[in-house]
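The sequence and structure are shown first.

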Amino acid sequence: MIVECVKFDDIWHKAKSNIGEECLHSTYSWSEGVSSVVLSNYVGKEIVIEKNQQAPAIFFDNVDYPVWVEFKDYVKKAQFGSVLRSENEKFTFRRQVLAGFLNYGNEVGRSEIQFMYQVGAETRSFVFSFEVLSTKLNYHEHWKTIMEDIEREYRMLSLDYMRRTFHGSSLDADGDTPEIVWWSVFASEQKNFIKACKNIIDRPRRRLHGKETYKRADKLTFVPSCIENELAEHRQNSSHLYRVEERVWTNDTQENRFLKFALGQIADKYETLKKRIEAVKNASDVMKEDMQATLVTLKHLKRNPFFRTVGRYKGMNQESLVLQKAMGYSQVYRTWNLLRRSFSLNDGIYRLQTKDIATLYEIWCFIEVSHIVKEKLHLSDEDLEHRNRVEMNGLFTWNLGKGEHSSILFKKDGMELAELIYNPKSSEKENCAIGIKNWTTPTVSQKPDIVLQLTKNDLQQGMKITYLFDAKYRIGGKDKKGVDVPPEDAINQMHRYRDAICYKDCQSDALKKEVIGGYILFPGNGETEDVEASRFYGSIKDVNIGAFPLRPKDKHNRKLLEQFIEQLIAMKSQETVSRVIPQKGVFVEVDNRVLIGLVTHSGREGYLQSFIDGNASLYYTDSHFPTAIALQGLHYFMPYFKEQGIRDVYEIISMKIITAKEAEQTDGEDGTDDLCLAFGLRFVRRQYAELHPVNTSLMLNNTFIDTTFDELSEIVLS
């Protein structure tokens, strides 16, 4: 068997620069009969690989490996033995050579090259086992950290099935056994379980059982004392039957009843899951044939005449040493217990398959961002409202819910501070099931990985400032200082998200820009000082598009993301919006100044009511407007209702000087010629849901407060 890799030298050096040569080792094992395994490197040096010993890694993710297996002339049939149909279709057997290629994509972990061949009427198989490593992360260290972090937040979310790689797992005292774990564990136990059942049926453990019977006197081998008088009374009657109890051997023991119960339970469960797995299009014929053979064997054992003499299992009154130690019984009891237990992805002898590393990295980044936001907002676990949930995907695996199904709300004293959302999908459909309320994309659907919305109240009550993070399990190369850089297409994707995702105002039905900035999270490496000087990091300050290297156990570069999110939380929304780059030819000024003015009943009909209803179009002052209030730069107005408070925000669209007679719309002597100031108004928003009282001691002439939105919290009374 020969395995080649055309670009192996480049792959090796790439992995070496990313994670270090000391981490690029693997252990290899194989079936019996192998004479030698040799690795030939690019300089022509040959390295002998020992079984179950560490050696240089050969297999990496996203790399093509052509495989040739040469057979002797007497082998007439050979095939690749993967559980995946697509893998088997890559291999063909011609002229005594089985040839094909392998590419593990983003799947890392332990894997096998398995093929079966026929010699006469006998089918033989060969297995070569190894580890598939990542070129971007240290599989032996980083992968384990990612798995532990995910399992801590979302138990069993990492698991998958029908993958090309697997990982060692061990018993766990907590949790239930999902069906996927049941199936994976039984796959490694089924041969021993079936063998143990056959051994018990051939040589069962029996016990002596008291049985009542009626016999004539000449058939009695032993005369119990209890029938001596009866025997003397009927000694003349040779046909009289005497009731006696004799000891006979029986198979109806507690242990055999348990065997009947366990075999039936496991066979039924196996049949149910087999039907579900066979429905998967990607299941190979080799796997289907193996499952069918196992099911036939289990059913045959269930129908064995031995079980006709065994009763129904009713549980154990006490521990059974037979089940724990006797040959055969102990294996059945062990398998049954294993299938009832939960497992964790720690090193162990049991195989579990997981999602590909790209998906795991994406979920892990979501968890990391949530931890940082929680830390920088100084919140506890009780302050988090987890709306996110794990949802069923496929046969018996799970995915993290998407859109509003994966929301984490960060609250303090009942006030929403931030929201984190995983994988929302924005489309032209207004009621997308996994979208975000009021989000839309007029062109094509957009699906960012992580959405962070910070709630600000300085410009507008409950205003949400949106930032996007996209996790990419890719590295675009290195810059001149040796710092890993993100892929160019990923950065371009951030520009697309910011331009494509819009907010649809329900009141005006107008489209508005939603996303402030977009940032790539990728498993890059480099010195923190060099990362800060890199182009992809500097662009965050210039255009709010950039990237952060984020990998497990890299605390130094993680601090860059921590500091950035901390700045976003601390920044006022007025400052955030003012930093947005305007379109050429457009001058954008974010106004922060607001005038609070007393509104009372006047001679004008409906004047006060228009403010109460939130549809006022004019506000006028008396003739004593304070000269301390500068009219220049005054753009917003909030009406104050005496002894009640403020609520609505209006934009000042015009100013003019009128007489009191014009303001009150009166004629003749009822009006005066005193001059007053009139503001033309347009309703903008409701700053507060209810009227909030203010500190009236700050009012000029008991009528006006000249302030800013930032200072409203100091003026409004709680």
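A polar contact is a pair of N or O atoms within 3.5 Å; within protein, one atom must be able to donate a hydrogen and the other to accept it. The model discussed here is predicted.

Strand β23 (residues 403–412) and strand β24 (residues 415–422) run antiparallel and are joined by six bridges. Phe410 has Ala418, in β24, as its bridge partner. The two strands β23 and β24 form a hairpin with two residues between them, and Asp413 in that turn has a positive phi of about 55°. On to the next pairing: β24 is also joined to strand β26 (residues 450–456) by five bridges, again in an antiparallel arrangement. Here Glu419 is partnered by Gln453 of β26.

Lys456 belongs to strand β26. Is this lysine buried or exposed? Lys456 counts as buried because its relative accessibility is 9%, and the cut-off for buried is under 20%.

The side chain of Lys456 makes polar contacts with two backbone oxygens, listed below.

Leaving aside residues up to four places away in sequence, Lys456 touches Gln461, Gly462, Met463, Ile465, Leu568, Ile569, Ala570, Met571 and Ser573. Between the C-alpha atoms of Lys456 and Gln574 the distance is 9.4 Å, although the two residues are 118 residues apart in sequence.

Conventions: Residues numbered from 1 in each chain as written. Predicted model: local features only at pLDDT ≥ 70, side-chain atom pairs only at ≥ 80, totals over all residues. Heavy atoms only, no water. Pairing = 2+ DSSP bridges. Helix = DSSP H or I, 4+ residues; strand = E, 2+ residues; numbered from the N terminus. Buried < 20%, exposed > 50% of the residue type's maximum accessible area, 1.4 Å probe, protein only. Contact = heavy atoms within 4.5 Å.
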